[in-house]
Amino acid sequence: MHKTVLALGVASLTASPGCGSNDSDIAGKAIVTIKNETLTLDTGNNGTRVVNEDDDWGTFCGMENGAQAVFLMEPSGEVRFPWIWVSAIPDAINVSARIDGNDYNAVCHVTHTITSEEPYEADFSVEPCGLKRVFDDAPARLESAFFHVASCEEDGSGG
């Protein structure tokens with residue numbers, strides 16, 4: 001199942017003018033609250049463990065509409081918060097997540113910092129923000145999210 005969802009996420013990213021890699025090395029952690037419950041998506045070791053497809057994680061990093069984007073999905077797909085997508089694009093939906101089997105979106109303040117050009121590395125962080133369920137605007141909250149991407153192409157055909 002995780003490859004199917006990853007394919008959908010990657011397809012949505014690559015359908016826009018952009019490029020990237022679906023085997024990116026990513027470390028990170030995201031925390032959401034829904035109905036007074038806290039759910040965490042964590043690559044391990046408090047978000048410092050680097051994962052990629054070799055670890056059965058769904059990972060993607062690339063360009064979308066001129067801005068860097070990152071996608072992270074835990075391997076089993078059996079958890080209540082299995083994936084998150086974050087884009088550095090401002091003033092548009094730039095955070096999406098699957099929570100309890102539903103898709104949530106938001107416009108959040110995303111900070112994107114390039115930490116190295118060769119090899120390309122970047123950090124993403126998201127300030128707390130409200131998420132809304134796609135079909136009825138039911139609320140959830142992104143408490144925090146941060147990612148370090150160690151293999152992401154800023155331009156070109158992916159890494």
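This is a predicted model: local features need pLDDT of at least 70, side-chain atom pairs count only at pLDDT 80 or more; totals for chains, interfaces and linings use all residues.
**View 1. Arg49 pairs up with Asp55.** Here the side chains of Arg49 and Asp55 come together as a salt bridge, with 3.7 Å from N to O. How accessible are the two partners? Arg49 is partly exposed, at 38% relative accessibility, and Asp55 is partly exposed too, with a relative accessible area of 31%.

**View 2. Asp100 reaches Arg80.** In this salt bridge the closest N and O atoms sit 2.6 Å apart. Where in the chain do the two residues lie? Asp100 belongs to the loop between strand S7 (95-99) and strand S8 (102-106), while Arg80 is in the loop between strand S5 (67-73) and strand S6 (83-87). That puts them 20 residues apart, so the pair ties together distant parts of the chain. Asp100 has a relative accessible area of 35% and Arg80 has 33%, so Asp100 is partly exposed and so is Arg80.

**View 3. Glu37 joins the group.**

**View 4. Asp136 meets Arg133.** These two form a salt bridge whose closest N and O atoms are 2.7 Å apart. Asp136, at 39%, counts as partly exposed.

**The whole structure.** How many salt bridges turn up in a search of the whole structure? The search finds 6, and the pairs shown above are among them.

Methods:
Residues are numbered from 1 along each chain as its sequence is written. Side-chain values use heavy atoms; hydrogens and water are left out. A salt bridge is a side-chain nitrogen of Lys or Arg within 4 Å of a carboxyl oxygen of Asp or Glu. Buried means under 20% relative accessible area, exposed over 50%, partly exposed in between (1.4 Å probe, protein chains only). Helices (H or I, at least four residues) and strands (E, at least two) are DSSP runs, numbered from the N terminus.
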